[in-house]
Amino acid sequence: QMWEEAIALGKELAEQYENEMFDYEQLSELLRKQAQFYENIVKVIRPKPDYFAVGYYGQGFPTFIRNKVFIYRGKEYERREDFEARLLTQFPNAEKMKTTSPPGDDIKNSSGQYIQCFTVKPKLDLPSKFHRPVSEQIVSFYRVNEVQRFEYSRPVRKGEKNPDNEFANMWIERTIYVTAYKLPGILRWFEVKSVFMVEISPLENAIETMQLTNDKINNMVQQHLNDPNLPINPLSMLLNGIVDPAVMGGFANYEKAFFTEKYMHEHPEDHDKIEKLKDLIAWQIPFLAEGIRIHGEKVTEALRPFHERMEACFRQLKDKVEKQYGVRAVLSSLDDRRGSRPRSMVRSFTMPSSSRPLSVASVSSISSDSTPSRPGSDGFVLEPLLPKKMHSRSQDKLDKDDLDKDKKEKKKEKRNSKHQEIFDKEFKSTDISLQQSEAVILSETISPLRPQRPKSQVINVISSERRFSVSPSPPSSQVTPPPITPRTKLSFSIQSNLELNGMSSSDISDVPPPLPLKGSMADYGNLMESQDLISPTTSPPAHQRVSP
């Protein structure tokens, strides 16, 4: 599921397919795969593996791991206990250490085997291309991949112990581990090349904790906005743990520890940090408001009382924070991040009017030089999405439809006039020019006077009373009937009340001529009882036709 790495390799292959091998078929397939990878990055939630620091101490280990620390990448959803059990199976004689502090020389020089294992947190190192805020779904990959720095924090108490507020003197001793290569790599574990330690003051720890809490709320809100089918339980626990002071105490402990006159007098250099902490507390309210709104939309009836209690606690918290630290609003940024507008609506603000979806926005006035309307310019009217039959349409679209309609009418009139001309020429004229072509079997009657015409010129004329095929053809100066050749039979059913070539049924002889001798070049296999054939050798005059 490391689609980001697959995309990078795919771009290298695409360069070869496009500019070196010119294999466009492989290129198209590769680009389709890349498109699917990009979609997976945004839509698929990937599990985040844990990282573990493992130290092998004692002379009983092989030299390549003796007294060294390695960072391991765990499997998906693998707990530390399971990882330790997997390690100890490789070294059954090793002893597991109980502390996370670096061991002394006595353990390192002993003849035994001691394994120290604890969880470390990867430190995010975003690539330089992310120079602006991006979606959490994109950034989440880099939180656990392509990482080289890892940290482990251990709380340390300094000074007098305050039973009322443990945050006042809780320092953080943070150890930073830097590996030889980025993880994951060709291996799932790499040696630690450098280690250094920093101390975090209680106030800095409070600022960091508030920042992480706000980010966690915002990220979960974005996930629920992007995927409404996510379960609501994690959101419920997160929100309740913050707004209900009986659960975690909230930030009231920070106020007691750092927002006092005594602390300000003893630590005047922390004034800016205190203001920053107050600002983070104020910013937490709009994030919580959005989370509770989503929770209210998705909560079940069974959890409705729980939600109502959480809303009541939030109202009290909101009134208190806004009164002491001011009001913050992140409606616009939240809308941008969650994409509350439909994508087509967002696109209508950035696309010119010629490309804008008609169902979203309309331009009420268009300048004479056809300059595309811009957001905020006169004439740009944003309309709500309407039903399909009520979509507004821009004036240029209406003009285009009218022009297309006129063209279709002209083509139809031209086609009809052509059909009428052909009909008059072929069926109303008494002087029919004979043509030199193949014989046509018409109405089971073989007539040399009706030659076959090219299929491309055949136009079917269908009326309510009759149906026949006519085709224009250039006149021929020869009048000799062509020889009859066997061909596929063409059947037509012509009603007896038709007048063909100005000849009525009364002009037809009552007694038909005798049938000719059957030869190899004629076919009478499909004669009907009411039909007779005229011999090709005794064809009627040019101005007459025989009807069944």
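Reader: Which residue in E7 stands opposite Glu173?

Author: This is a predicted model. Strand E7 covers residues 189–200 and is joined to E6 by bridges. In E7, the residue opposite Glu173 is Glu199.

Reader: How many bridges join E6 to strand E7?

Author: E6 and E7 run antiparallel. They form a hairpin, with five residues between the two strands. The number of bridges joining E6 to E7 is eight.

Reader: Which residue in E6 is the bridge partner of Arg149?

Author: Strand E5 spans residues 147–157 and runs antiparallel to E6. Ten bridges join E5 to E6. For Arg149, the bridge partner in E6 is Val178.

Reader: Is strand E6 mostly covered or mostly open, and how many of its residues are buried?

Author: E6 takes in residues 170–183. Bridges join E6 to E5, and others join E6 to E7. A residue counts as buried under 20% relative accessible area. E6 is mostly covered, and of its 14 residues the number buried is ten.

Reader: What percentage of the residues of the protein chain count as buried?

Author: The secondary structure of the chain comes to 15 helices and 13 strands. The chain has 548 residues. The share that counts as buried is 34%.

Reader: What share of the contacts in the protein chain with a separation of 6 or more comes from residues 24 or more positions apart?

Author: A contact here means heavy atoms within 4.5 Å. Among contacts with a separation of 6 or more, residues 24 or more positions apart account for 62%.

Reader: How much of the accessible surface of the protein chain belongs to carbon and sulfur atoms?

Author: The accessible surface of the chain comes to about 34800 Å². The part belonging to carbon and sulfur atoms is 53%.

Terms used
Residues numbered from 1 in each chain as written. Predicted model: local features only at pLDDT ≥ 70, side-chain atom pairs only at ≥ 80, totals over all residues. Heavy atoms only, no water. Helix = DSSP H or I, 4+ residues; strand = E, 2+ residues; numbered from the N terminus. Buried < 20%, exposed > 50% of the residue type's maximum accessible area, 1.4 Å probe, protein only. Areas by Shrake-Rupley, 256 points an atom, 1.4 Å probe, with all protein chains shown as cover. Pairing = 2+ DSSP bridges.
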